[in-house]
Amino acid sequence: RLKSISVLVPLERVQASLDEVGFELQDVATIVADGKFWKRMLYTRGDSGETVSVSEEIGDAWPKDPIITICGSKSTISRVVKGVGGG
């Protein structure tokens with residue numbers, strides 16, 4: 001079962017609580033959603049394989065240009081970027 005909550009406490013307290021119950025930070029990414037920039041952190045707990053995603057709003061995304069977010073493996077992302085004329 002999944003659950004999502006919003007909390008009004010400092011990020012450091014959330015991170016400390018996750019650490020106390022055995023989660024480790026695996027990756028951090030900056031994403032854009034709903035006209036905002038977000039810092040998204042992925043935590044995992046080795047003994048259970050459980051993952052937790054924590055997002056922190058870090059500011060408005062202005063101007064509101066169309067932004068496409070692609071999630072995938074590094075090789076897939078590289079091929080897609082090359083395919084659309086990127087480096």
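The score here is pLDDT, the predictor's confidence in each residue on a scale from 0 to 100. Over the chain the mean pLDDT is 84, with 90% of the residues at 70 or more. This is a predicted model, in which local features need pLDDT of at least 70 and side-chain atom pairs count only at pLDDT 80 or more, while totals for chains, interfaces and linings use all residues. Numbering starts from 1 along each chain as its sequence is written, and side-chain values use heavy atoms, with hydrogens and water left out. Helices (H or I, at least four residues) and strands (E, at least two) are DSSP runs, numbered from the N terminus.

On to the sheet. Three strands make up an open sheet in the order β1-β2-β3, with antiparallel pairing; two strands count as paired if DSSP finds at least two bridges between them. β1 (24-33) and β3 (50-60) sit at the edges with a single partner strand each, so one side of each has no neighbour in the sheet. From one strand to the next, the twist averages 20°, taking axes as lines fitted to C-alpha atoms and angles from 0 to 180 degrees between N-to-C directions.

β1 and β2 (residues 36-45) run antiparallel and are joined by nine bridges. Within this pairing, A29 has R40 of β2 as its bridge partner, and V32 stands opposite F37 in β2. The hairpin of β1 and β2 has two residues between the strands, and D34 takes a positive phi near 55° there.

β2 and β3 also run antiparallel, this time with ten bridges. Here M41 is bridged to V54 in β3. Four residues lie between the strands in the hairpin of β2 and β3, where G49 takes a positive phi near 75°.

I5 belongs to the segment before α1 (11-20), and its 61% relative accessibility makes I5 exposed, the cut-off being over 50% with a 1.4 Å probe and protein chains only.

Definitions and conventions. Buried means under 20% relative accessible area, exposed over 50%, partly exposed in between (1.4 Å probe, protein chains only).
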